[in-house]
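Student: Please take a close look at the aromatic pairs in this protein chain. Which rings pair, how are they arranged, and where do they sit in the chain?

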Amino acid sequence: MPQRVDLTPAAADLLRRLVPVHGPVMFHQSGGCCDGSAPMCYPAGEFRVGAHDVHLGDLTVDGIDAVPVWMSGPQFEYWKHTHLTIDVVSGRGSGFSLEAPEGVRFLIRSRLLSDEESAELNG
């Protein structure tokens, strides 16, 4: 079964550093402007997902609990045809996302789903 979301080794390494400090984590992608367009990493349970939010999947990272990834429903309507990869780059992110003090920020890289992937995921 194809996945909607994945992460880079650099993002996985950062998560392995964040979890011992903050406990289990989650991501939410809102689609708002500014920092709202970046995936936000929160302690699990500290961000309330809404009734229209879409669970994109759970990231598997060796050494930590699965990391759920959510997206706002309206944003999902725009991005439902894409595969998303969470990556990390140098630079200051949002003050609300757990990686902000680390001098790095999470970001989304995307590619179009193949016709086969799309059929399986949206069928």
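**Aromatic pairs in the fold**

Tutor: Counting contacts in the protein chain between residues at least 6 apart in sequence, 56% are between residues at least 24 apart. The model is predicted, and what follows should be read with that in mind.

The protein chain has seven strands and three helices. Read from the N terminus, the order is β-α-β-β-β-β-α-β-β-α. For 123 residues, a compact globule would have a radius of gyration near 14 Å, and the protein chain agrees, with 14 Å. Along the principal axes, its C-alpha atoms fill a box of roughly 40 × 30 × 25 Å. Of the 123 residues, 44% count as buried. The accessible surface is about 6800 Å², and carbon and sulfur atoms account for 53% of that surface.

Now the rings. The count comes to two aromatic pairs. One of them is F27 with F106: the ring centres lie 4.9 Å apart and the planes stand at 90°, so this pair is edge-to-face. The cut-off behind that label is a plane angle over 60 degrees. F27 belongs to strand 2, residues 25-29, while F106 belongs to strand 7, residues 104-112. The pair therefore ties together parts of the chain that are 79 residues apart in sequence. How accessible are the two residues, F27 and F106? F27 has a relative accessible area of 1% and is buried. F106 is also at 1% relative accessibility and counts as buried. The cut-off for that term is under 20% relative accessible area.

The other pair is Y42 with F47. Here the centre-to-centre distance is 4.9 Å, but the angle between the planes is 15°, and the pair is stacked. Stacked applies because planes under 30 degrees apart are given that label. In this pair, Y42 is buried, with a relative accessible area of 15%. F47, with a relative accessible area of 26%, is partly exposed.

In summary, F27 and F106 form an edge-to-face pair that links strand 2 to strand 7. Y42 and F47 form a stacked pair, in which Y42 is buried and F47 is partly exposed.

Terms used:
Residues numbered from 1 in each chain as written. Predicted model: local features only at pLDDT ≥ 70, side-chain atom pairs only at ≥ 80, totals over all residues. Heavy atoms only, no water. Helix = DSSP H or I, 4+ residues; strand = E, 2+ residues; numbered from the N terminus. Rg over C-alpha atoms; globule rule 2.2 N^0.38 Å. Buried < 20%, exposed > 50% of the residue type's maximum accessible area, 1.4 Å probe, protein only. Contact = heavy atoms within 4.5 Å. Areas by Shrake-Rupley, 256 points an atom, 1.4 Å probe, with all protein chains shown as cover. Phe/Tyr/Trp six-rings, centres within 6.5 Å; stacked < 30°, edge-to-face > 60°.
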